[in-house]
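Have the sequence and the 3D view open side by side while you read.

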Amino acid sequence: MENQLNEQFMRLQQDLRRYYHRQMAKKQGFGLHRGQGRVLALLKMNPEISQKDLTFVLGMRPQSVGELLQKLESKKLITRESSAEDRRVMIIRLTDLGKTEIEKMSETPDVNEELFANFSEEEKAEWSRLVEKLSESLKNQLAKDDFDASYGGGKGFEGPRPPHEHGPHGFHGSHRGHPHHFNEFSSFDW
């Protein structure tokens, strides 16, 4: 029974992931690359930002950000204009089309309507209860594992370990002087 539960859970997880990605692809008319989506999401929160600040927030190389912005600009999702105060500073703004696209991206599929259409109210309540129980069990197990790991416990823990004897040149220290690396084989009768 345990094996069957594991297989069902893994299959459900895989199918849900595929379903979610398919639903998101239907909603995204432009099929935006993940990096482009991040830029749009940041612009939604901050409708006007300098290219330099955007580069810093994204944690990317300036050249990579420039390429992303060029693609978004060619799709007419953003504009880039020089700042009135400092012509060297490029200001990035969402276009109306960009605002529409970011709204589409933030919509999530209505899982309740589609996936649970054939479920009765009692079955939905039972599903919710079981998922909550599974979630609580996972949280407890993860908390226990985190506790064991942080205190050096866990399976096979036998107390303090001896110092590690692998140096930068393999086993048994650093072979100071480095004339050769096979001292331990010098007495071997070849």
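What follows goes from the overall fold to a few helices, then to ring pairs and salt bridges.

This is a predicted model, so a local feature needs pLDDT of at least 70 and a side-chain atom pair counts only at pLDDT 80 or more, while totals for chains, interfaces and linings use all residues. Residues are numbered from 1 along each chain as its sequence is written, and side-chain values use heavy atoms, with hydrogens and water left out.

**The big picture**

The protein chain has 7 helices and 5 strands. Helices (H or I, at least four residues) and strands (E, at least two) are DSSP runs, numbered from the N terminus. Read from that end, the order is α-α-β-α-α-β-β-α-α-α-β-β. Of the 190 residues in the chain, 20% are buried; buried means under 20% relative accessible area, exposed means over 50%, and partly exposed is in between (1.4 Å probe, protein chains only). The chain exposes about 15300 Å², with carbon and sulfur atoms supplying 55% of it; the areas come from the Shrake-Rupley method with a 1.4 Å probe, and for residues only the protein chains shown count as cover. Take the contacts (heavy atoms within 4.5 Å) between residues at least 6 apart in sequence: 52% of them join residues at least 24 apart.

How confident is the predictor? The mean pLDDT (confidence in each residue, from 0 to 100) is 76, and 66% of the residues reach 70 or more. Over residues 155-159 the pLDDT is below 50, and this stretch has 2 contacts in the model beyond near neighbours in sequence. Residues 164-186 also stay under 50, with 14 contacts beyond four places in sequence.

**Helix α3 and what sits around it**

Which residues of α3 are buried? In this helix, residues 51-58, they are Q51, L54, T55 and L58. Seen down the axis of α3, the buried residues fall within an arc of 100°, so they line one face of the helix; the arc is that of the directions from the helix axis to the C-beta atoms. K52 and F56, on the other side of α3, are exposed. Just after the helix, G59 takes a positive phi of about 70°.

T55 has a relative accessible area of 11%. Leaving aside neighbours within four places in sequence, T55 is in contact with M60, R61, P62 and V65.

V89 sits in the loop between β2 (78-82) and β3 (90-94) and is partly exposed, at 31% relative accessibility. The C-alpha atoms of V89 and Q51 are separated by 7.4 Å, though the two are 38 residues apart along the chain. Not counting residues up to four places away in sequence, V89 touches S50, E81, S82 and S83.

Over in helix α2 (residues 34-45) you'll find Q36, which is buried at a relative accessible area of 4%. Beyond four places in sequence, Q36 is in contact with L68, K71, L72 and K75.

**Aromatic rings**

Rings of Phe, Tyr and Trp (its six-membered ring) pair if their centres lie within 6.5 Å; planes under 30 degrees apart count as stacked, over 60 as edge-to-face and the rest as tilted. By this rule the count comes to 2 aromatic pairs. F116 and F119 are edge-to-face, at 4.9 Å centre to centre and 80° between the planes. F116 and W127 are tilted, at 6.1 Å and 50°. This second pair links the loop between α6 (111-115) and α7 (121-150), where F116 lies, to W127 in helix α7, 11 residues apart. F116 is buried, at 14%, whereas F119 is partly exposed, at 33%. Ring pairs link F116, F119 and W127 into a cluster.

**Salt bridges**

The structure holds 8 salt bridges, each a side-chain nitrogen of Lys or Arg within 4 Å of a carboxyl oxygen of Asp or Glu. Among them are these:

| Salt bridge | N to O distance |
|---|---|
| R18 and D15 | 3.6 Å |
| K44 and E103 | 3.4 Å |
| E73 and R80 | 3.0 Å |

Salt bridges that share partners also join E48, E81 and R93 into one network. R18 and D15 are 3 residues apart in helix α1 (residues 2-27), so about one helical turn separates them. K44 in helix α2 and E103 in helix α5 (residues 96-106) are 59 residues apart, and their pair links distant parts of the chain.

Note on methods. pLDDT is the predictor's confidence in each residue, from 0 to 100.
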